[in-house]
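Hi,

Here is the structure I promised to pass on. Have a look at it first, then read my notes below.

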Amino acid sequence: MSHPLTRVLTLLELLQSNAGLTGSELADRLGTDVRTVRRYVAHLRDLGIPVEAERGRLGGYRLARGYRMPPLVLTNDEALAVVLGLLAAERLGMGTTVLAGAGARAKIERVLPQALREPLAAMRETLHFTAGAVSAQAPGSGVLLALAQASRARTTVGIHYRSRQQDRTERDVDPYGVVFHTGRWYLVGHDHLRDDLRTFRIDRIASVAPRTRAFAVPDGFDPVAHLTATLAQGPYRWQVEVTIHGPLDEIARRLPRTAVTLTARPAGVLMQARAERLDGMAHVLASLEWPFTVHGPDELRQALKDLAGRLAAAAERQPGVLSP
C-alpha cells in the first residue's frame, strides 16, 4: 500500500466501517505513522468529507454523525456480498418490494467502478438457482422496520390487522419476534385483544403505532419454534404418526422441521405431521433409508401399498412397452 492516494481511500473506508479508531490504530491498519494519518485526515477534510476527532483515552477519528457518502467504497468481496444478498432476497421473496430490490441494486452498480461493475453484472445475469422463485405478498418496509424496532426495544405496538376472512381489527401486541418463513414474514407475540400468544402475517398489517408500555419475553421463548409448530397444526385433513427406526440427527437432516415434529423414543424417532394428501406422505417415507412403523392413520398403509404396487410394476416394465 505504497501510493498515498490508496492510503487516503483506505482511510476513508476504515472510517466508514469503524467509529472511533485512534490515530495509532489507523496507522497500524495503513502501515504508516500517526503524523501521516493526521495529514490524510486533512486531505479528506479538504475534499469536503467531515472527519471528526475526539481527544482522550476513548477518543478517535470518525465521520460526522448523519453524514452520507455519495460514492460507495466497497472491496470486491463486499460488493459481491451485497449483490448476492439482494438477488437471494428477491429469489426467496424476502424483500419488501421487487422495485425496491431492483432499485437498490441499480444504484449500487451505478456508483461502482467499471472494473467491478462488469463482473458483478455478469454474475447477476448468469446466476441460476435450483429452487424456483417464491412469489409472496411483500410487507411494507415501514411496518417491518417498526415491528423490528419494537421487538428489540421490548415495547408494545398497536396494529391495524386484516384477517384471512378480510375482517379488520385494531389491537395491541407485544412483538416477541419477527420471523421469515417460506416466502412470508410473520410477527409472533402476545395479543392483548385475545389475551393469548398469536401469529400474524406482516403483509396483512396496515400500520404500526408505538405504545409506551414495556413487556418481557417469557424465558426460553423461541419465535421460530412457535411459528413452525403453529403452522404445522394448520387445517390439514390427516394427522400422521410414524416411528422411524433410525438416528434422530440424521432423520432431522432429511425431514424439514418446518413440516414435521420429531421426538426421540426408545424404539426410534416419533414423527408427527399433518398432511392434505397421503400419497405425498407415502413418497416421503419411501425416500428414507430406515425402516418405519405406521401408527396412523390406517389409510396411510394403503397409500404405501399403492405406491409399492406402482414401483413394482415400473420395475417389471420392459423398454418399449407402454403402461396400460
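Arginine 254 is partly exposed, with 38% relative accessible area. This is a predicted model, by the way, so please read everything here as computed from that prediction. Arginine 254 has a partner: its side chain makes a salt bridge with glutamate 289, and the closest N and O atoms sit 2.4 Å apart. What I like about this pair is that it links distant parts of the chain. Arginine 254 belongs to helix α9 (residues 248–254), while glutamate 289 is in the loop between α10 (278–286) and β11 (292–296), and the two are 35 residues apart. Glutamate 289 has a relative accessible area of 52%, and because exposed means over 50%, it counts as exposed.

The structure holds eight salt bridges, so here are a few others to click on. Side chains of opposite charge can pair when their charged atoms come close. Aspartate 279 and arginine 277 do this, at 2.5 Å from N to O. Of these two, aspartate 279 is partly exposed at 28%, and arginine 277 is exposed at 55%.

Another one joins arginine 301 to aspartate 298, with 3.5 Å between the closest N and O atoms. Both residues are in helix α11 (residues 298–316), three residues apart, which is about one turn of the helix. Arginine 301 is partly exposed, at 36% relative accessible area, and aspartate 298 is exposed, at 55%. There is also a network: Arg171, Asp191 and Arg198 are joined by salt bridges that share partners.

Now for a charged residue without such a bridge. Is arginine 204 buried or exposed? It is buried, yet it has no salt bridge. You'll find arginine 204 in the loop between β6 (196–201) and β7 (205–214). Which residues does arginine 204 contact, leaving aside its neighbours within four places in sequence? They are His160, Tyr161, Arg162, Ser163 and Arg164.

Next, the strands. β9 (residues 260–265) and β10 (residues 268–275) run antiparallel and are joined by six bridges. They form a hairpin, with two residues between them. To see one of the bridges, find alanine 264 and look across to valine 269 in β10, its bridge partner.

Leu80, Leu84, Leu127 and Phe129 make a nonpolar surface patch of about 270 Å². Leucine 84 lies in helix α4 (residues 76–92) and is partly exposed, with a relative accessible area of 30%.

Finally, the overall picture. The chain has 11 helices and 11 strands. Of its 324 residues, 35% are buried. The chain exposes about 19,900 Å², and carbon and sulfur atoms supply 53% of that area. Among contacts between residues at least 6 apart in sequence, 59% join residues at least 24 apart.

Cheers

Conventions:
Residues are numbered from 1 along each chain as its sequence is written. This is a predicted model: local features need pLDDT of at least 70, side-chain atom pairs count only at pLDDT 80 or more; totals for chains, interfaces and linings use all residues. Side-chain values use heavy atoms; hydrogens and water are left out. Helices (H or I, at least four residues) and strands (E, at least two) are DSSP runs, numbered from the N terminus. Buried means under 20% relative accessible area, exposed over 50%, partly exposed in between (1.4 Å probe, protein chains only). Lys and Arg count as positive and Asp and Glu as negative; His and the chain ends are not counted. A salt bridge is a side-chain nitrogen of Lys or Arg within 4 Å of a carboxyl oxygen of Asp or Glu. Contact means heavy atoms within 4.5 Å. Patches are made of residues with over 30% relative accessible area and no salt bridge: like charges are joined within 9 Å, nonpolar side chains (Val, Leu, Ile, Met, Phe, Trp, Tyr) within 5 Å. Accessible areas come from the Shrake-Rupley method with a 1.4 Å probe; for residues, only the protein chains shown count as cover. Two strands pair if DSSP finds at least two bridges between them.
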